[in-house]
Amino acid sequence: MNRRHAIRAIVVLALAAVAWFAWRGRESGDERAIRQRIESLRHEINTSTTDGLGTLAHAAQIGSYFTDDVTIELGEGATPIHGRDTVMGMAARLQPRTAAFRLELDDVGVEMVPGAEAADVLLTASFLRRSVSTGEESRDAREFSLVCQKTAGTWRIARVTAIDTLR
Amino acid sequence: MSLTRRIVFGRHPRRTLVRVVVLAGISFITFGWVLIPVRAEGISMLPTFESGSLHLVSRVAYSYARPSRGDVIAIRLAGPHVLYVKRIIALPGERVAFINGQVYVNGAVLNEPYVRNRRMWDVPEVTLTQREYFVVGDNRGMRAADHDFGRVDVSRIVGKLLF
């Protein structure tokens, strides 16, 4: 194989790799919408406010990402949370505490449920907190499974289940 | 050709471009699929790994060999971007328990020279299935409730930490 053939082979391989990544990265409009919605929720949770009315408005905004009958299961030993109102109440009450945390979401995988306006989402949520004394940031990562439903043209979270990676 | 251009692009720009493409491709494949760079965060692997230290995970380490006791492994959560780093203390089919902070595997005390401080952890005995390993961090000086450890399915093991 002379040098020209080698260069052609490299170019073909590079193009094939680009095509493969483009094929792998393709996603439908709904998948994109769900990702944007989840990213928007993350941003909303990380935006903290401490004044009274702002806290309530913020909690209501967070609640809008969930269905009326949402169920949140945080794992063994934790009581499941039912309903959007409960989520909003918790969001309002816990804001002074959650303001110390920063939420990061990684490896968000969306899989549409065929024949239904629903999707299964798998993601890793990391709660980052900086120590006041040492300045060191600690990370608590957990895996979550979400069920999303499209209601009135908007994707909302209907179920959140924490997955025990280590049992 | 100006000196700057010659320094940046070399004497033969086309050849330089090919070299750059090949090097980028090799780096992309190596650090994407073969050796994954990871940064340890948290204190669960102290004193072996300090928080913030950089390490490499070999994804091919277990292509021809099974994970063994004492290996420090990377475990995936939903994907490859956030990983747990833990040490294997028990293998598939074995029984494992913590009694007063000491690990017992199949009823025998496990020698763990990598552990410095121990709290009195107590975990009832569990028997691992043929697809499970028992993993835990080296820092046993923290409360068991604050430490993520337990059984992990073999499909979640990403690779072995090289250093």
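A: The side chains of Arg167(A) and Glu132(B) meet in a salt bridge, with 3.1 Å from N to O; a salt bridge here is a side-chain nitrogen of Lys or Arg within 4 Å of a carboxyl oxygen of Asp or Glu. On the side of chain A that touches chain B, the elements that give two or more residues are helix H1 (3-24), strand E3 (101-112), strand E4 (118-130) and strand E5 (137-151) of chain A. Helices (H or I, at least four residues) and strands (E, at least two) are DSSP runs, numbered from the N terminus. The residues on that side divide into 10 nonpolar, three polar and nine charged, where Ala, Val, Leu, Ile, Met, Phe, Trp, Tyr, Cys and Pro count as nonpolar, Asp, Glu, Lys and Arg as charged, and the others, Gly among them, as polar.

This is a predicted model: local features need pLDDT of at least 70, side-chain atom pairs count only at pLDDT 80 or more, and totals for chains, interfaces and linings use all residues. Residues are numbered from 1 along each chain as its sequence is written, chains are lettered from A and ligands numbered from 1 in the order in which they are written, and side-chain values use heavy atoms, with hydrogens and water left out.

Chain A brings 22 residues to the contact and chain B brings 28 residues, contact meaning heavy atoms within 4.5 Å. The two chains bury about 1,900 Å² between them, 58% of it on carbon and sulfur atoms; buried area is the accessible area (1.4 Å probe) that two parts lose on being put together, summed over both. Of the area that chain A buries against chain B, Asp107(A), Leu166(A) and Arg167(A) supply 36%, more than any other three residues. Asp107(A) lies in strand E3 of chain A and has a positive phi of about 50° although it is not a glycine.

A nonpolar surface patch of about 640 Å² is made by Trp20(A), Phe21(A), Trp23(A), Phe28(B), Ile29(B) and Trp33(B). Patches are made of residues with over 30% relative accessible area and no salt bridge, like charges being joined within 9 Å and nonpolar side chains (Val, Leu, Ile, Met, Phe, Trp, Tyr) within 5 Å; accessible areas come from the Shrake-Rupley method with a 1.4 Å probe, and for residues only the protein chains shown count as cover.
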